[in-house]
Amino acid sequence: MPTTRPRRASAGRDRRFAVVDPATGEAFDEAPDQHPDTLDALVERAHTAWRSWRADRAARTTALLAAADAVEAAGAALAPLLTREQGKPLAESSAEVARTAARLRYYAELDQGAQPITDGRPVRSEVRWRSLGPVAAIVPWNFPLQLASAKFAPALAAGNTVILKPSPYTPLATRLLGDVVARALPEGVLTIVTGHEPLGARLAAHPGIRHVTFTGSAPTGRAVAAGAAASLARVTLELGGNDAAVLLEDVDVERIADRLFWAAFRNCGQVCMAVKRVYAPARLYSQVVEALAHRARTAVVGPGLDPATHLGPLNNAAQLSRVERCTAQALAAGARAAAGGRRPGLPGYFFAPTVLADVPPDSPVVTEEQFGPVLPVLPYDSVDDAVEAANATRYALGGSVWSADPERAEAVAERLECGTAWINHHAELSLAQPFAGTKESGVGVAGGPWGLRGNLRPFVVHRLEET
Ligand code: NAD
């Protein structure tokens with residue numbers, strides 16, 4: 001069995017760790033394993049850079065637009081490196097690079113002007129938005145570049161400086177992205193640090209950091225929030241999800257099956273807002289299971305660098321074990337694998353796309369976030385039952401309702417406890433919309449103007465007008 005976490009390749013102050021290609025399970029490169037003590041000087045440098053970076057919005061716009069162009073120009077190097085360490089098909093890596101550049105452009109040009117407040121009294125108040133200081137950004141391995149830019153683009157546009165730590169499973173493309181972006185910015189404005197814990201914990205708890213913005217699992221999110229409590233830095237947490245797709249009985253199964261399937265299986269199911277449970281009316285149950293199972297059986301599984309591949313490997317051995325474990329638990333409890341259910345005969349961290357029928361509703365594959373290419377399909381008798389089951393989770397990130405009648409679907413979607421409810425699709429986001437979970441899916445808001453505001457503080461000038 002391959003290692004469950006990246007190995008340290010050498011000891012001493014200049015340590016490095018191995019980076020594994022999930023399509024082979026073999027190490028193919030190394031990254032610096034930075035000592036947490038190095039953070040003091042980097043945070044100090046970020047603080048110094050902040051003093052001038054925050055002062056000139058027009059200069060920031062110019063620099064961030066140049067950074068976006070540079071990211072696009074570096075796509076031919078970034079995308080294959082991302083696929084090599086993350087596993088996703090090359091076309092998805094290229095789309096991730098494009099989205100990274102688009103997000104830089106979006107925030108470079110987003111207005112953050114002052115807001116006058118009037119209440120009829122002879123005073124003039126104005127809210128002028130101010131930056132916070134050095135921001136710590138910590139991201140996971142499923143969308144390394146896209147999530148990195150979701151942190152640093154609004155933080156930098158707001159006038160903050162950023163220290164960003166990628167997952168040790170995917171440090172390389174982020175380091176390259178950091179080099180490309182940082183070349184367009186003044187020194188110390190964006191810094192990438194890589195390494196094992198306690199590097200992230202020390203970064204989150206560093207007294208010089210004024211905002212900790214974290215994406216990852218709920219348990220780590222709790223640790224990050226506890227660490228940041230020491231300095232009372234602002235905390236934004238984007239955590240896990242267990243999104244349900246509720247199909248209504250008028251749905252045209254064949255018409256929606258491709259969209260539904262890929263909303264669950266894209267990036268090998270390693271998407272926080274992927275469809276992780278499907279609720280189908282009892283009358284359509286067999287048809288829905290078979291439509292999804294057919295697509296799972298015919299999807300091409302292979303290395304992400306092979307242009308024929310639809311589904312790459314899972315990112316790491318620990319994730320593969322988790323997916324294998326929760327699938328085995330469901331099968332042992334009486335579920336049936338309508339497709340997949342096991343590892344295919346390939347090296348690396350592959351798992352066959354799996355559709356599970358007849359799953360006990362209390363199976364961990366239903367109640368927890370499986371974060372892999374495994375989809376349980378559950379029957380329901382009444383829409384009320386389906387809504388209750390969809391909401392019976394400690395997560396509340398997204399959800400969707402699928403129907404031939406979008407008005408009716410929207411009325412059902414209104415009853416879902418989540419941050420985003422989709423109708424007849426799932427996991428689609430515009431750069432301009434807010435993205436926020438509730439319950440254990442997160443704290444704070446990312447995306448659109450809300451993401452910018454999350455990196456700013458209101459500064460009010462309250463002036464008495466002589467009468
Ligand atoms: P994780 O919580 O294990 O790790 C996330 C990051 O935190 C990594 O960079 C990791 O090195 C770092 N880290 C680990 N321990 C830390 C500590 N004590 N202090 C500070 N940092 C620490 O998550 P993961 O397994 O890398 O990612 C998968 C999870 O991310 C899933 O739960 C998924 O739903 C979630 N996710 C959420 C969103 C969202 O926007 N809501 C997006 C993508 C992924």
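UniProt positions are given in the numbering used here, feature names are shortened, and annotations may be inferred rather than shown by experiment.

**Entry 1. Basis.** I note that this is a predicted model, in which local features need pLDDT of at least 70, side-chain atom pairs count only at pLDDT 80 or more, and totals for chains, interfaces and linings use all residues. Residues are numbered from 1 along each chain as its sequence is written.

**Entry 2. Annotated residue.** I looked up the UniProt annotation "active site", which comes from an unreviewed entry and covers Glu238. I placed Glu238 in strand 9, residues 234–238. Strands here are DSSP runs of E with at least two residues, helices are DSSP runs of H or I with at least four, and both are numbered from the N terminus. Is Glu238 buried or exposed? Glu238 is buried, because 28 other C-beta atoms lie within 10 Å. The cut-offs are 20 or more other C-beta atoms within 10 Å of a residue's own for buried, 12 or fewer for exposed, and partly exposed in between, with C-beta atoms placed from the backbone.

Entry 3. I traced an open sheet of six strands in the order 7-6-5-8-9-19, with mixed pairing. Two strands pair if DSSP finds at least two bridges between them. Strand 7 (190–192) and strand 19 (442–443) are the edges; each has a single partner strand, so one side of each lacks a neighbour in the sheet. Strand 8 (residues 211–215) pairs with strand 9 in the parallel sense over five bridges. I found His211 opposite Arg234 of strand 9.

Entry 4. I followed seven strands that form an open sheet of mixed pairing, ordered 12-13-14-11-10-16-17. Its edge strands, strand 12 (336–339) and strand 17 (420–423), each pair on one side only. Strand 10 (residues 243–247) and strand 11 (residues 275–281) run parallel and are joined by four bridges. Within strand 11, Arg277 is the bridge partner of Ala244.

**Entry 5. Ligand shell.** How many residues surround the ligand? I recorded 29, the closest being Pro140, Gly200, Gly216, Thr220 and Cys272; a residue is near a molecule if its C-beta atom, placed from the backbone, lies within 6 Å of it. Helix 7 (199–204) and helix 8 (218–229) are the elements that give two or more residues to this shell. By class, I noted 14 nonpolar, 11 polar and four charged residues in the shell; Ala, Val, Leu, Ile, Met, Phe, Trp, Tyr, Cys and Pro count as nonpolar, Asp, Glu, Lys and Arg as charged, and the others, Gly among them, as polar.
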